[in-house]
Amino acid sequence: MDLTTGYSPRGRLFYIEKHRKRENLSGCLWPQRLAPRVFNLASSTVPGPKPQTVYLRKKNEKDAARKTALLQESTSAMEQLDIERGVCVPFRKYTPETVRDKVLESQGAILSLIDRGVEIVWNLGLYWSGLVYDYLVGRDQEVVPYRARQLRNLLCDLGPSFIKAGQVLANRPDIIREDYMNELCILQDDVPPFPNQVAFTIIEEELGKPLETVFSKISSRTIAAASLGQVYRATLRDSGEDVAIKVQRPEIEPIIYRDLFLFRTLASFLNGISLQKLGCNAELIVDEFGEKLLEELDYTLEARNIEDFLENFKNDPTVKIPQVYKHLSGSRVLVMEWIDGIRCTNPQAIKEAGIDVNSFLTVGVSAALRQLLEFGLFHGDPHPGNIFAMRDGRIAYVDFGNVAVLSQLNKQILIDAVVHAVNEDYIEMANDFTRLGFLASGTDVSPIVPALEAIWQNSSGKGLSDFNFRSVTGKFNQLVYQYPIRIPERFSLVIRSLLTQEGICFTLKPDFKFLEVAYPYVAKRLLTDPDPALRERLIQVLFKDGIFQWKRLENLIVLAKENVAKMSSIPAARVNNRQSSLSWQVQKKLDLTDTVKDGARLFIVDAGIRRQLLLALTEDSKLHIQELVDVYRLVEDDVDLTSVALEVLREFPSFTRDLVLSWSESVLSDR
């Protein structure tokens, strides 16, 4: 993965090339902290800074200061989105100017806009007047279920743009209340299909040939219908392979562009309210929505998303991503490998297929965490219709139109938030919300700190057995209504992804503990990932108030070993490894050799760390030999001591130089 953008290797080169071509065209800001590294990333290796804590801390502080300055200078909503992400979007189909020009270029555009605007204002006005009437007569609470259903039906009647908006609102507690969110979730699965003949005509137009010349058969009914398209099952005439054909709704693009233009026009009148309630202008929310919607509308982008997922999981025998037939696909039609799996909402069928539920859930949670924390490219809509259990125990994903990208900066801040939660540093956790874009830059976080502390302590105090994301999210939703918090689109997808997958886990196993799988994965990542930023965060976890946490280190090692043991025992991993010609093998044991090497280097060159570790060994006026022995016993089978010794000898001149430089800097600073 690209350490700057979060794109896969193929996407990385595309990112660099597209940015070179569009740098002066997209109006996209390029944060200076990224510029020196982009062209290094075009090579096969990515040079990184030495894992020195002081250097990394200073660098991160400078990055944060530069990012804050850029946010203060920026007045454009699109520029603000880029700064929050930490990267420029390589290919932007959506900008307010693009939408405006697209809408106004057609004949009769003004009349069409007026007609559509009157329709929208009239229908939404009637609905709003009903809500006002309910409030005036004092029945606003008792009719909530009826009004929520009425809103869902109204959005369906207003067309695909509003259906999609309803699906987005179903995951935006900062904008809409929870009981309405629950009703709007129905829009994710219950959308009326359009006629088969219309769909088949679109397929033939994209293929440039009759259906029967490409497919020997095609289903007479849709397999699934969504707001932007619907899916059929077919068989290729040449190879006999079963495929899924995704077809876009007819004449949908001009409708989407027209509605986006009207949405943003309306948003410009709501900026004052939005700034007061959410800390951002309403146009920013529309821009986030429009950007994702136009990306999802282009099936060529979805094909690229599938290729990126295939690249990311190519060496993982526990995850199945469908192949895409690009020569049969276009901007309105997407032909993919048919996934013959079992819906995750059918636990009985999964058990009857002989699939071990515990192993399958471990695979699912690990795949989700890898997308979020390793790749930075994750499935944004993992509802039960998009996730399947394969009969060999693998997890399969379909429908990649709605994906989101987290930059390396975003991933690091998420890990920071986890570290701050572990260390109970709620002030820094509140600052993390600002860095991620939940709060406007410069917002006073002091009123939020006690609320965050109460939410986390009440949730984590119950332990792993009772902790679940839904309870934490419910409490966070209440916090959103009290403070000017806006949930950025990509993080609303993260929240929805975690909640949906946790819900699937509970469906398959009601007493499943999500964190019992997630914690071991995070522990293994902290201990084994060579990224210098993660090395620094490992140090933050192991030191609390300057005191080394021996027990925490032991727990991390035990949890990491647990993750390795679980993954290596999964039947799907063992079977697919034997059948595959890939060189990757499931890790049989935890390998901490590189971690110990980096730790040795850090001990030698970083005087602060060296001092803290020596104090840890002599804390409370006693030698902590037993703790050291306990840790050694845990890792003695997981560290190649010979390799570590050879590395120390080989790097001894470098170690010595760094030590002298460190010592001289400290002497000069003292003077």
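Lys246 counts as buried because its relative accessibility is 12%, where buried means under 20% relative accessible area, exposed over 50% and partly exposed in between (1.4 Å probe, protein chains only). The model is predicted: local features need pLDDT of at least 70, side-chain atom pairs count only at pLDDT 80 or more, and totals for chains, interfaces and linings use all residues. Residues are numbered from 1 along each chain as its sequence is written, and side-chain values use heavy atoms, with hydrogens and water left out.

Lys246 forms a salt bridge with Asp399, with 3.0 Å between the closest N and O atoms; a salt bridge is a side-chain nitrogen of Lys or Arg within 4 Å of a carboxyl oxygen of Asp or Glu. This pair links distant parts of the chain, 153 residues apart: Lys246 is in strand 4 (residues 242-248), and Asp399 is in the loop between strand 10 (395-397) and strand 11 (403-405). Helices (H or I, at least four residues) and strands (E, at least two) are DSSP runs, numbered from the N terminus. Asp399 is partly exposed, with a relative accessible area of 22%.

By this rule the count comes to 28 salt bridges. Another of them joins the side chains of Glu296 and Lys164 at 2.8 Å, N to O. Here Glu296 in helix 14 (residues 282-297) and Lys164 in helix 8 (residues 160-169) are 132 residues apart, and both Glu296 and Lys164 are buried. Arg264 forms a salt bridge with Asp287, the closest N and O atoms lying 2.7 Å apart. Arg264 belongs to helix 12 (residues 252-268) and Asp287 to helix 14, 23 residues apart; Arg264 and Asp287 are both buried.

On the surface, Leu104, Ile110, Leu111, Ile114, Val118, Trp122 and Leu126 form a nonpolar patch with about 770 Å² of accessible area together. Patches consist of residues with over 30% relative accessible area and no salt bridge, like charges being joined within 9 Å and nonpolar side chains (Val, Leu, Ile, Met, Phe, Trp, Tyr) within 5 Å. Accessible areas come from the Shrake-Rupley method with a 1.4 Å probe; for residues, only the protein chains shown count as cover. Helix 6 (residues 109-137) supplies the largest share of the patch, 6 residues. Leu111 lies in helix 6 and counts as exposed because its relative accessibility is 65%.

Of the 671 residues of the protein chain, 51% count as buried, and its secondary structure comes to 31 helices and 13 strands.
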